[in-house]
Amino acid sequence: MRKRPVYTVHQILPHAPANAVALTIDDGPDPTWTPRMLALLRKYNVRATFCLIGRQAQAHPDLVRRIVADGHAICNHSMTHPLPFSHRSAAAIGQEIDQAQSVITKAAGTAPRLFRAPGGDFPPAAFATAAKNGLTPIAWNVDPADWSRPGTQKIVASLLATRPGDILLCHDGDGNRRGDSGTDRSETVQALATVLPQLKSRGYTFVTL
Ligand SMILES: [Zn+2]
């Protein structure tokens, strides 16, 4: 059983190309922003890994199916995205992961093989439940803090500092709110429209985790 999450591509995919990088997109699916993200990824022929909140997947199973149909990977990102995650009881943490696994699998028609803790906050109970569900815990090592809407140029600059093997974190939803489209992700979409073609022209290979 893993007791630390994976931070870089080659820790989970040792045979990936040396120039592999992985884009992860968290907190959806969201009816406004996920379709825009999918259109952008399709335009640049990039496959990503979507870390889905179970409650959102349950509300928007059509979007989950579109994510899978486009060839992207899916990851269990808990049922309700409680923060701070590690302050919950072991039972509640287990339930968050188990319930999300069930509803995401139902919506997707295929089971996630990855788990990312809300906020990247991995308590011991999360590793046990992830292992029980056959899930590899994943973190990231490039964080533009796009969720805080720091401005498109700051997100671009952070993402352009990517090195081979990095796992990039972006968001198409909002883990802090209960409603849909709680937060404007236009900065994230605009930044990726600049960054994806540049990273591809530098020779990076985008892989799913
Ligand atoms: Zn999240």
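The following legends describe close-up views of a predicted protein model.

**Conventions.** Local features in this predicted model need pLDDT of at least 70, side-chain atom pairs count only at pLDDT 80 or more, and totals for chains, interfaces and linings use all residues. Residue numbers start from 1 along each chain as its sequence is written.

**View 1. Overall fold of the protein.** The secondary structure comprises 8 helices and 7 strands; helices (H or I, at least four residues) and strands (E, at least two) are DSSP runs numbered from the N terminus. The protein has a radius of gyration of 16 Å, close to the 17 Å that the globule rule gives for 209 residues, so it is as compact as a globular protein of that length. This radius is taken over C-alpha atoms, and the globule rule is 2.2 Å times the number of residues to the power 0.38. The C-alpha trace spans about 45 × 35 × 30 Å along its principal axes. Of the 209 residues, 47% are buried; a residue is buried if 20 or more other C-beta atoms lie within 10 Å of its own, exposed if 12 or fewer, and partly exposed in between, with C-beta atoms placed from the backbone. Among contacts between residues at least 6 apart in sequence, 78% join residues at least 24 apart. Two residues are in contact if their C-beta atoms, placed from the backbone, lie within 7 Å.

**View 2. The largest nonpolar core.** In soluble globular proteins, nonpolar side chains tend to be buried together. A nonpolar core is here a set of buried Ala, Val, Leu, Ile, Met, Phe, Trp, Tyr and Cys residues joined through C-beta atoms within 7 Å. The largest such core holds 58 residues, and those touching the most other members are Ala 22, Leu 23, Phe 50, Leu 52, Cys 75, Ile 104 and Leu 168. Helix α5 (residues 90-108) supplies the largest share of this core, with 6 residues.

**View 3. Strand β3 and its pairing with β2.** Strand β2 (residues 49-52) pairs with β3 in the parallel sense over 4 bridges; strands pair if DSSP finds at least two bridges between them. Within this pairing, Cys 51 stands opposite Cys 75 of β3. Both faces of β3 are covered, with Ala 73 and Cys 75 buried on one side and Ile 74 and Asn 76 buried on the other. Not counting residues up to four places away in sequence, Cys 75 touches Thr 49, Phe 50, Cys 51, Leu 52, Pro 112, Leu 114, Phe 115, Arg 116 and Ile 138.

**View 4. The loop between β3 and α5.** His 81 is found in the loop between β3 (73-76) and α5. This residue counts as buried because it has 25 C-beta neighbours inside 10 Å. Phi of His 81 is near 55°, a positive value in a residue other than glycine. Leaving aside neighbours within four places in sequence, His 81 is in contact with Asp 27, Ile 53, Pro 118 and Gly 175. The C-alpha atoms of His 81 and Arg 55 are 8.8 Å apart in space, although the residues are 26 apart in sequence. Pro 84 also lies in the loop between β3 and α5, and the peptide bond from Leu 83 to Pro 84 is cis, with omega near -10°.

**View 5. The cis peptide bond at Pro 29.** Pro 29 is placed in the loop between β1 (20-28) and α2. The peptide bond that leads from Gly 28 to Pro 29 is cis, with omega near 0°.

**View 6. Packing of helices α2 and α8.** Two packed helices are described by the angle between their axes and the distance between the axes. Helices α2 (residues 33-43) and α8 (residues 186-201) pack at an angle of about 5°, with their axes 10 Å apart. This makes α2 roughly parallel to α8. Axes are lines fitted to C-alpha atoms, for helices over the stretch in contact, and angles run from 0 to 180 degrees between N-to-C directions. Angles under 35 degrees count as roughly parallel, over 145 as roughly antiparallel, 65 to 115 as roughly perpendicular and the rest as oblique. Arg 36, Met 37 and Leu 40 of α2 make the contact with Val 189, Leu 192 and Ala 193 of α8.

View 7. In helix α6 (residues 124-132), the buried residues are Ala 126, Phe 127, Thr 129 and Ala 130. Their cover includes α5, β4 (114-115) and β5 (136-137).
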